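I opened this notebook to record what I looked up, entry by entry.

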Amino acid sequence: MSNLPLGPLMVDVSGAQLSADETAFLSQPAIGGVILFARNYESREQVTHLIDEIKSIRSPSLLIAVDQEGGRVQRFKHEFFALPAAYRFGQAYQQDPKSARHLCHAAGCLMATELVQVGVDFSFAPVLDCANLNSKVIGDRGFHEQPEIIAALAGAFIDGMSDAGMAATGKHFPGHGGVTADSHFTLPVDDRSLGQIAECDLAPYKKLAKTLRGVMTAHIQFPQVDIDPPTFSAFWLNKILRQEIGFSGLIFSDDLSMTGAHVAGNAVERTKRALQAGCDMALICNDPKSAARVADELGKSWAANQPRLLAMHAKSAHRITEPEIAMLKDQVSLMAKNFA
């Protein structure tokens with residue numbers, strides 16, 4: 001095991017086991033974390049072994065992340081609780097706000113507990129986008145259309161994650177709910193003014209800035225505000241997110257391999273522009289050749305913010321007993337059935 005500060009890149013690996021080439025790649029100084037996908041998961045035992053392997057490569061250990069929101073976006077399924085889509089909690093809130101917040105807390109705690117048990121540091125959750133059922137990428141991943149309800153439910157979800165020792169990452173800043181196009185395949189354009197965006201999309205970030213440890217950017221163009229998408233915009237990341245909202249945690253880029261990020265040039269250019277704009281960690285997923293080029297180019301030259309990175313490691317927390325977990329699962333499952 002080598003002693004090496006965490007770098008500013010989060011990358012992926014190809015399968016359920018780690019190859020010798022991947023072990024060498026993850027030892028490079030520019031790497032700081034690994035995001036896991038469904039292809040990396042076969043069972044709880046297998047993924048625990050994979051994560052142990054990754055974490056044994058260097059000290060401090062690389063960050064391990066996954067998208068485990070619930071609904072359509074849940075990478076680990078077999079032997080994991082099937083989390084409802086966030087919008088189901090918003091539906092429950094319309095009938096009983098207090099109960100919906102309790103169930104959101106339970107879901108956040110369940111999600112985080114199961115992941116921490118196998119060695120994952122954090123899930124990229126919760127989604128803070130205003131719900132837009134017409135959106136190809138957001139749909140029912142958002143809690144609600146109203147920002148105050150989003151903040152209430154996401155806040156409860158974050159508290160549940162924290163109880164299990166996991167830091168929360170809000171996404172996709174400043175908001176993906178105002179467009180229908182999917183930034184995986186195109187660069188969406190949102191023509192609203194900053195004032196209009198602030199009324200809905202920014203409100204949950206303002207409310208939750210002190211409890212979030214991470215924020216992930218959106219690959220969307222807001223031409224009335226800044227021609228550069230937020231991932232590459234110092235205006236959005238420093239002036240709005242850092243200065244006006246007061247967020248002091250870790251800023252992640254969304255995956256720089258997505259088509260919505262290609263406006264910033266090739267993989268090396270995209271990464272450097274994201275880091276220069278204010279991202280602390282850049283994600284390059286499903287493109288190992290580009291990830292290797294970027295890691296080589298950055299080398300040791302980019303000093304990542306160690307306190308922000310290290311704060312994303314999972315913490316030891318109050319142990320939730322198996323009977324408590326079973327009770328939480330029953331409660332959340334019943335709600336999901338009521339609002340299916």
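Entry 1, second largest pocket. I listed the lining of the second largest pocket and got Ile158, Asp159, Ser162, Gly165, Met166, Ala167, Ala168, Thr211, Arg213, Ala311 and Lys315. I sorted these lining residues by class and got 5 nonpolar, 3 polar and 3 charged. The space in this pocket comes to about 190 Å³. I note here that the model is a predicted one.

I then turned to the largest pocket, which holds about 370 Å³ of space. I found 22 residues in its lining. Which of them lie nearest the centre of the pocket? They are Asp67, Arg75, His184, Asp254 and Met258. By class, I have 9 nonpolar, 6 polar and 7 charged residues in the lining of the largest pocket.

I looked up the secondary structure and found 12 helices and 12 strands in the protein chain. For the extent of the C-alpha trace along its principal axes I noted about 55 × 50 × 30 Å. I checked the radius of gyration against the globule rule: a compact globule of 340 residues would have a value near 20 Å, and the chain has 19 Å, so the two agree. I also noted that 59% of the 340 residues count as buried.

I have 12 aromatic pairs for the structure. One of them joins Phe122 and Phe124, with 5.2 Å from centre to centre and 90° between the planes, an edge-to-face arrangement. I looked up both residues for burial, and Phe122 and Phe124 are each buried.

How far apart are the ring centres of Phe173 and Trp236? I have 6.0 Å, with the planes at 85°; angles over 60 degrees count as edge-to-face, so this pair is edge-to-face. I placed Phe173 in strand 9 (residues 169-173) and Trp236 in helix 8 (residues 234-244). The two are 63 residues apart, and the pair links distant parts of the chain. Phe173 has 0% relative accessibility and therefore counts as buried. Trp236 also counts as buried, because its relative accessibility is 0%.

Last, I looked up Arg44, whose charged end sits over the ring of Phe80. I noted 4.9 Å from that charged end to the ring centre.

Technical notes. Residues numbered from 1 in each chain as written. Predicted model: local features only at pLDDT ≥ 70, side-chain atom pairs only at ≥ 80, totals over all residues. Heavy atoms only, no water. Phe/Tyr/Trp six-rings, centres within 6.5 Å; stacked < 30°, edge-to-face > 60°. Buried < 20%, exposed > 50% of the residue type's maximum accessible area, 1.4 Å probe, protein only. Helix = DSSP H or I, 4+ residues; strand = E, 2+ residues; numbered from the N terminus. Lys NZ or Arg CZ within 6 Å of the ring centre and 35° of its normal. 1 Å grid on protein atoms, 1.4 Å probe; cavity = no way out; pocket = protein on both sides within 12 Å on 5 of 7 lines; lining within 4 Å. Points joined across faces, edges and corners; volume = space filled by probe spheres on them. Nonpolar A, V, L, I, M, F, W, Y, C, P; charged D, E, K, R; others polar. Rg over C-alpha atoms; globule rule 2.2 N^0.38 Å.
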